[in-house]
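Please look over the sequence and the three-dimensional picture below before reading on. The paragraphs that follow lead you through the fold one part after another.

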Amino acid sequence: MKYTLICADCGYKQVFEARTLRSYYDKARDNGWAINRRNNIRWCPNCAPLHRHVGRRGAARTFVQIKLDISNN
């Protein structure tokens with residue numbers, strides 16, 4: 001079956017071919033798409049980093065974390 005993903009932010013469309021719905025989600029995630037927990041909102045690889053909140057490439061933060069020097073001299 002063919003499944004079409006549409007980005008919730010920019011409207012980009014991509015078609016995936018898969019046997020089952022679960023494998024369709026796996027293929028989409030492998031190609032960089034972000035899908036929410038309920039599987040009803042999807043973001044393309046360009047918009048996905050803004051909706052990821054953990055990990056190495058989490059969402060951009062609005063604050064700057066400063067490095068604290070905690071050395072006991």
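Leaving aside its neighbours within four places in sequence, which residues is Phe 16 in contact with? Taking contact to mean heavy atoms within 4.5 Å, Phe 16 touches Met 1, Lys 2, Tyr 3, Leu 5, Tyr 24, Lys 27, Ala 28, Asn 31 and Trp 33. This is a predicted model, in which local features need pLDDT of at least 70 and side-chain atom pairs count only at pLDDT 80 or more, while totals for chains, interfaces and linings use all residues. Residues are numbered from 1 along each chain as its sequence is written, and side-chain values use heavy atoms, with hydrogens and water left out.

Helices (H or I, at least four residues) and strands (E, at least two) are DSSP runs, numbered from the N terminus. Helix 1 spans residues 21-30, and its buried residues are Tyr 24, Tyr 25 and Ala 28, where buried means under 20% relative accessible area, exposed over 50% and partly exposed in between (1.4 Å probe, protein chains only). Seen down the axis of helix 1, these buried residues fall within an arc of 100°, so they line one face of the helix; the arc is that of the directions from the helix axis to the C-beta atoms. An α-helix has 3.6 residues a turn, so residues three or four places apart point the same way. The cover over the buried residues of helix 1 includes strand 1 (2-6), strand 2 (13-17), strand 3 (34-35) and strand 4 (42-43). After helix 1 comes Gly 32, whose phi is positive, near 95°.

A nonpolar core is a set of buried Ala, Val, Leu, Ile, Met, Phe, Trp, Tyr and Cys residues joined through side-chain atoms within 4.5 Å. The largest such core here has 15 residues, and those with the most contacts inside it are Leu 5, Cys 7, Phe 16, Tyr 24, Ala 28, Trp 33 and Trp 43. Strand 1, helix 1 and strand 3 each supply at least two residues of this core, and helix 1 gives the most, with three residues.

What of the cysteines? The structure holds zero disulfides, a disulfide being a pair of cysteine sulfur atoms within 2.5 Å. For Cys 7, the nearest cysteine sulfur, that of Cys 10, is 3.7 Å away, and Cys 7 itself is buried, with a relative accessible area of 4%. The sulfur of Cys 44 is 3.6 Å from the closest cysteine sulfur, in Cys 10, which is too far for a bond.
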